[in-house]
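Welcome to this short tour. Open your viewer, and let's take the molecule one stop at a time.

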Amino acid sequence: DYMENFPRIFADGAVKYGARTETKTDSGPNWTSILTGVSYFKHGAENGVVDGDQKRVFKRYPSIFSVVHDAMPDAELASINNWASINIGIVEDDIGATKITVGPDSATVDAIVNYFNEGHAPAVFFTQLDEVDGAGHAYGSSSKEYEEAMKAADGYIGTIYDCLEENGLLEDGLFIVTADHGHKATGGHGRFSKIESYSTIAVKGKNVVAGGSMDSDVKLRDIAAISLYALGVKPTEWSFSARVPGNLFTDVKGQVRPY
């Protein structure tokens, strides 16, 4: 009831409630899978993805930023986040991507608006907001504080979407919103309960099925496959374990999941 922008934006988009997280419901495993399309059982990245040993993981399992850079060397790429681990440990250093880490969430969104108002039009843009997670840890997902954090995040999503629209970047763009995991009612995450292990993927853009709910086998890592498909870029097939779900795009059936 407290969401205003999410239903406004995705009224004619596709939304999957109940997309599966990685088996370990922590941020490091899931953001890594979302940005590489690779299962946690393969990449093994934990929350400390800033660690040098873990950064070597991505020599084997490149992020979608790197895959797009290889296919489109002149493409602009950008990642603006609150949580530093993503820009330090997941998004590669040698591909010319703009990487900005700034918090709190309000400052993250201000940096995003400034970036796009300067005239940038990246092929791949990623952002992560952190304060819903903070409220979940401190108060739990059934708390008033968590609800207020969700309401604030909904406002930030609306601000980013409207900025993209004002800058003419949505006509051929794909706008995706997700969360990396859930939270227990009493606070925290990282285990195997249903509330921790399911999330939402919402997609708006060209050739997206209006009112689509996607099919039954949707995982957070599939965001990598969805993004690369929209750009016409082939994934690194030998390591990929993501797929484009059915009932998402009007021009493709659900793909078989590679393992």
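Helices here are DSSP runs of H or I with at least four residues, while strands are E runs of at least two, and both are numbered from the N terminus. Counted that way, the chain holds twelve helices and six strands. Keep in mind that this is a predicted model.

**Stop one: the whole chain.** Select everything and show the C-alpha atoms. They fill a box of roughly 45 × 40 × 35 Å along the principal axes. For 259 residues, a compact globule would have a radius of gyration near 18 Å, and the chain agrees with this because its own value is 17 Å.

Of the 259 residues, 52% count as buried. Next, think about who touches whom: among contacts between residues at least 6 apart in sequence, 66% join residues at least 24 apart.

**Stop three: a pair of helices.** Select residues 131-139, which form helix α9, and residues 144-166, which form helix α10. At what angle do α9 and α10 pack? The angle is about 175 degrees, and their axes lie 9 Å apart. Angles over 145 degrees count as roughly antiparallel, so α9 and α10 are roughly antiparallel to each other.

**Stop four: where they meet.** Show side chains for E131, V132, A135, G136 and Y139 in α9; they meet E145, Y146, A149, M150 and A153 in α10. The residues of this contact divide into seven nonpolar, one polar and two charged.

Note on methods: Residues numbered from 1 in each chain as written. Predicted model: local features only at pLDDT ≥ 70, side-chain atom pairs only at ≥ 80, totals over all residues. Heavy atoms only, no water. Axes fitted to C-alpha atoms, helices over the stretch in contact; angles between N-to-C directions. Parallel < 35°, antiparallel > 145°, perpendicular 65-115°, else oblique. Contact = heavy atoms within 4.5 Å. Nonpolar A, V, L, I, M, F, W, Y, C, P; charged D, E, K, R; others polar. Rg over C-alpha atoms; globule rule 2.2 N^0.38 Å. Buried < 20%, exposed > 50% of the residue type's maximum accessible area, 1.4 Å probe, protein only.
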